[in-house]
Amino acid sequence: MSRFSSIPNNVDLESDKRLQRALEQWQPDFLSWWTEMGPDGFQQHDVWLRTAISVEPNGWAHYDYVKMPDYRWGIFLVPQDKDRKIHFGDNIGRPAWNEVPGELRGTLRRIIVTQADTEPASVEQQRALGHTAPSLYDMRNLFQVNVEEGRHLWAMVHLLHQYFGRDGREEAEELLQRRSGNPDKPRILRTFNERTDDWLSFFMFTMFTDRDGKYQLAALAQSGFDPLARATQFMLTEEAFHLFVGETGIERVVRRSAQLEKSAPAGDVRKVGGIDLPTIQKYINFWFSSSVELFGGEVSSNAAEYFATSLKGRYREDQKSDNLALDAAYDIDVLEAGRLVRQQVPLRNAMNEVLRDEYVADCERAVRRWNKAIAEEGGTFELRLPHRRFNRSMGIYSGHRFDVDGNPISDEQFEAGRDGWLPSEADREHVRSLMTPVHEPGKYANWIAPPNKGVGGQGVDFEYVRGPAA
Ligand code: BYC
Ligand code: FE
Ligand code: FE
């Protein structure tokens, strides 16, 4: 396939020459960004990848060896329902919009740009990980996630180009210019500037940060702006795999640690090349607290506006009974003179917190699964989520200190507890010291259990990534 091949799509791109030209101009810029900031190395390797060739359920089962730069980054929206009506907020009952309502243009653009910015950011954060993959199975999963995050960027850039004219084209260019972690041109949201250069962090990121993606995309899939709803709905099918990588990745690390504990001298897992469970707990504390931040402030007039204007609903808004959310209230604990006091806020202003509740419950479920794996291996350690107030720098709890149970504490107490709660430099150093590549089919690094089964119709010992023929 040629480098500048036509763009796979189900939006009838061929009949909209202006849009097609705009996207074809952006495509080489995307490919140079991918070359510069995408996975470091392995670009000429054959990777056993799944490619979306249509939005039909069977359009998904397509696996083949593909070189990453030849991945077919396409534009796919779930099919349109021409009779669709807006089902929440102040525009409830009106036909869903297929053009941007003038007065919502700025707000909508901002939501789309924020969503879009996270996609290339995550690829940048993960770019060096191929070199230290604990197996070819894991390396392949990493690259699958990377190419799909690239496609998510395409999905959002399509909306910017089609519906936002020149402003949209400028935003699309800027999306390729910001850089994760660069102090001069950082990515928009903080978690997307964190370092994710060891595999424990990668699994934490796909567990906790991609899961924010799931809930944000699900909220946008309710949108009254139909092209956004249809684009994000399709992105969710890809997101499920990213979450699988994170949740099962952590489970495999945890299981291995519990196994090693039994044989290690004095139960010291580090001495036998594993990651001890207390260190895993600290990584959970860090990545959970960073990712809950992505839901925005607890009390937010932005969130109220997104809901009122029918641009962003709640999780499964279509299954709720009160889609106006006008008379209801929500209880939030706020800090007053050093004590937590319950306050009522109008429900619409609490929409970020409402979405965060769904997210936290989903994370609790995963922790139960990991604890089950520990118990199965005969271990007794119990992992847990820190309280959502712990370690916050956005929203009403920022500027105050809380312990992992959510109790208010002093700065001194926090500093004294810090290395017990969050990864210390020594902890990170230990994790990094284990990151040596295992690139032989069927072999897995010592610190992680092999998966139960392979992926894409292959076994655990398949050659998922294959070097160029010599
Ligand atoms: N870091 O009213 P507030 C994904 C800003 S992940 C830095 O509290 P709002 C993915 C905020 O922008 C999903 N800044 O918040 C995962 C605002 O700025 P201004 C991404 C932050 O607006 C893994 C100010 O603080 N999608 O897809 O109600 C791999 C106060 O705002 C942060 C979306 O986020 C932060 N953490 O809610 C790949 C969906 N949080 O106005 C991909 C679109 C807030 O003072 N975005 N701020 O300049 C939104 O819906 C909202 O913008 C947010 C924030 C939920 C993010
Ligand atoms: Fe994504
Ligand atoms: Fe994702």
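1. Helices, in the sense used here, are DSSP runs of at least four residues, numbered from the N terminus. With that in mind, the shell around ligand 1 can be described by its helices: helix H2 (105-125), H5 and helix H8 (301-308) each supply at least two of its residues. Please keep in mind throughout that this is a predicted model.

2. To stay with ligand 1, the shell comprises 25 residues, and the closest are Gly213, Gly296, Gly297, Ser300 and Asn302. Which helix gives the most to this shell? The answer is H2, which contributes six residues. Sorted by class, the shell has 12 polar residues, seven charged ones and six nonpolar ones.

3. Strands of a sheet pair through backbone hydrogen bonds, and the pairing may be either parallel or antiparallel. In this structure, three strands form an open sheet in the order E2-E1-E7, and the pairing is antiparallel. Strand E2 (63-66) and strand E7 (465-466) stand at the edges with a single partner strand each, which is why one side of each has no neighbour in the sheet.

4. The two pairings in the sheet can be followed residue by residue. E1 and E2 are joined in the antiparallel sense by four bridges, and Arg50 stands opposite Tyr63 in E2. Strand E1 (residues 46-50) is also antiparallel to E7, to which two bridges join it, and here Val47 faces Val465 in E7. Helix H3 (residues 136-163) lies across E1 and E7, and its direction makes an angle of about 60° with E1.

5. H3 also packs with another helix. The axes of H3 and helix H4 (residues 165-175) cross at roughly 155° and come within 7 Å. Angles over 145 degrees count as roughly antiparallel, and H3 and H4 are therefore roughly antiparallel to each other. From H3, the contact involves Leu153, Val157, Leu160, His161 and Tyr163, which meet Gly168, Arg169, Glu171, Ala172 and Leu175 in H4. By class, this contact of H3 with H4 has six nonpolar, two polar and two charged residues.

6. How far apart are the axes of H5 and H7? Helix H5 (residues 199-220) and helix H7 (residues 277-292) have their axes 9 Å apart and pack at an angle of about 30°. H5 and H7 therefore run roughly parallel to each other, and H5 passes H7 in a right-handed crossing. On the H5 side the contact is made by Leu200, Ser201, Met204, Phe205, Phe208, Thr209 and Asp212, while H7 brings Tyr283, Ile284, Trp287, Phe288 and Ser291. Divided by class, the contact of H5 with H7 consists of eight nonpolar residues, three polar ones and one charged one.

7. H5 has a further packing partner in helix H6 (residues 226-263), where the angle is about 155° and the axes are 8 Å apart. That angle makes H5 roughly antiparallel to H6, and H5 passes H6 in a left-handed crossing. The contact of H5 with H6 has 14 nonpolar residues, together with six polar and five charged ones.

Definitions and conventions. Residues numbered from 1 in each chain as written. Chains lettered and ligands numbered in written order. Predicted model: local features only at pLDDT ≥ 70, side-chain atom pairs only at ≥ 80, totals over all residues. Pairing = 2+ DSSP bridges. Contact = placed C-beta atoms within 7 Å. Axes fitted to C-alpha atoms, helices over the stretch in contact; angles between N-to-C directions. Parallel < 35°, antiparallel > 145°, perpendicular 65-115°, else oblique. Left-handed = near helix turned anticlockwise from the far one by under 90°. Nonpolar A, V, L, I, M, F, W, Y, C, P; charged D, E, K, R; others polar. Near = placed C-beta within 6 Å.
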